[in-house]
Amino acid sequence: MGDSRLLKFTWLEVTGFCNESCDHCYADSGPKGTHGTMTVPDWTHVIDQLAEMGTADVQFIGGEPTLYPHLADLITYAHRAGLSIEVFSNMTYIRNGLWEVFKECNVRLATSYYSDSAAEHDGVTQLRGSHRKTRSNIQKAVDLGIPIRGGIVAVNADQRVGAAVTDLQNIGVGHVGGDRTRAFGRAGKGADPTVNDLCGHCALGQVAIGPEGNVWPCVLGRFITLGNVRETPLADIWNSTRTVEARAEIAAAHGLKPAERCTPPQFLPSCGPCGPCVPTVGHCDPKEADIPPATATIGASA
């Protein structure tokens, strides 16, 4: 069994290490996280495969990707391979050399922002001074002409979400989106994730690859492993029976017909037609295939 659909976009989660400790982190990353077992040659081999498969976009994520020591090398390699690149960062720690690489490789940036209030923002990230550093580096990106978009994730009921949006717009951030907390990772508060918690449009044109080489249908669906790039070529994983069945089962859990196409968003943690897409996409346009939905069997609620 196979599937000829195009893998358009891939999240490359190069590290689980982060200097922040957000309670709502879907990846459960933080100061105790590691860079995993994927080596630089492993990652460059993945990038080569993506280029061969016709993938257009990649997003480097973490953890905090700017704390991964080889990020600049991987960005440069991906750029030379013809991939369009975005880095999703908390924007607290960006070395001077990285700014130069961002400019040279036409990198786009994305970040999460929680409040115009330093105390409230730092309370979410649990890192003192994070608001000052993040805001300063957002301003620097704008001044350097590096495209950057912000996302306001609603974590607390009385959070200054509207003020945060206005603050980013005043800095000069052209695209500001929003999202709610998703019940994955630490945000799940110990509950086991299920396919019902996903948007239902996973693996339609995107996958995520983690620091250990595991391939997931999206960054939130990391409890569903499709394969491992250290053991199996990515094209074989993408076109495998496992991926085709997982795609159908996830859609079925949401009462959806399997989609014929979907322009996937690259903004975390949105993943499907339930949230805004990045500016280069502009919209999410799933087209349903005229076939009956499958029956969900994985991760279904009891």
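I began with histidine 121, whose place is in helix H4, residues 118-125. The model I am reading is predicted.

**Histidine 121.** Is this residue buried or exposed? I find histidine 121 buried, since its relative accessible area is 1% and the cut-off for buried is under 20%. I then listed what histidine 121 touches, leaving aside residues up to four places away in sequence. The list has Ser112, Tyr113, Tyr114 and Ser115, and also Ser130, His131 and Thr134.

**H4 against H5.** Ser130, His131 and Thr134 turn up again as the H5 side of the contact with H4. From H4, I noted Ala118, His121, Asp122 and Thr125 in that contact. By class, I count one nonpolar residue, five polar and one charged where H4 meets H5. I looked up the geometry next, because two packed helices are described by the angle between their axes and the distance between the axes. For H4 and H5 I have an angle of about 105° and axes 8 Å apart. The two helices are therefore roughly perpendicular to each other, as the range for that term is 65 to 115 degrees.

**H3 against H5.** H5 spans residues 130-144 and also has helix H3, residues 96-104, as a partner. How do the axes of H3 and H5 cross, and within what distance do they come? I read a crossing of roughly 40°, with the axes coming within 12 Å. That makes H3 oblique to H5. I recorded the crossing of H3 past H5 as right-handed. On the H3 side I noted Asn96, Trp99 and Lys103. On the H5 side these meet Asn137, Lys140, Ala141 and Leu144. The H3 contact with H5 divides by class into three nonpolar, two polar and two charged residues.

**H1 against H2.** I moved to helix H1, residues 40-53, and helix H2, residues 71-80. Their axes come within 10 Å and cross at roughly 20°. H1 is therefore roughly parallel to H2, the limit for that term being angles under 35 degrees. I have this crossing down as right-handed. Which residues of H1 and H2 make the contact? From H1 I listed Val40, Trp43, Thr44, Ile47 and Asp48. From H2 I listed Leu74, Tyr77 and Ala78. Sorted by class, the contact of H1 with H2 has six nonpolar residues, one polar and one charged.

**Backbone checks.** I looked for a cis peptide bond and noted the one joining glycine 62 and glycine 63, with omega about 25°. Glycine 63 sits in the loop between strand E2, residues 57-61, and H2.

I place asparagine 106 in the loop between H3 and strand E4, residues 108-112. Is asparagine 106 exposed or buried? I have it as exposed, because its relative accessibility is 57% and the cut-off for exposed is over 50%.

Alanine 203 is another case, with a positive phi of about 60°. I found alanine 203 in the loop between strand E6, residues 175-180, and strand E7, residues 206-209. Alanine 203 counts as buried, because its relative accessible area is 1%.

**Arginine 242.** I looked up arginine 242 in helix H8, residues 241-253. Its relative accessible area is 35%, so I list arginine 242 as partly exposed. How far apart are the C-alpha atoms of arginine 242 and threonine 225? I get 9.1 Å for that pair, which is 17 residues apart along the chain.

**Whole protein.** I have eight helices and 11 strands in the protein. The protein has 302 residues, and 54% of them count as buried. I put the accessible surface at about 12500 Å², with 50% of it belonging to carbon and sulfur atoms. I also looked at contacts with a separation of 6 or more, and 72% of these are accounted for by residues 24 or more positions apart.

Key. Residues are numbered from 1 along each chain as its sequence is written. This is a predicted model: local features need pLDDT of at least 70, side-chain atom pairs count only at pLDDT 80 or more; totals for chains, interfaces and linings use all residues. Side-chain values use heavy atoms; hydrogens and water are left out. Axes are lines fitted to C-alpha atoms, for helices over the stretch in contact, and angles run from 0 to 180 degrees between N-to-C directions. Helices (H or I, at least four residues) and strands (E, at least two) are DSSP runs, numbered from the N terminus. Angles under 35 degrees count as roughly parallel, over 145 as roughly antiparallel, 65 to 115 as roughly perpendicular and the rest as oblique. A crossing is left-handed if the near helix is turned anticlockwise from the far one by less than a right angle, and right-handed if clockwise. Contact means heavy atoms within 4.5 Å. Ala, Val, Leu, Ile, Met, Phe, Trp, Tyr, Cys and Pro count as nonpolar, Asp, Glu, Lys and Arg as charged, and the others, Gly among them, as polar. Buried means under 20% relative accessible area, exposed over 50%, partly exposed in between (1.4 Å probe, protein chains only). Accessible areas come from the Shrake-Rupley method with a 1.4 Å probe; for residues, only the protein chains shown count as cover.
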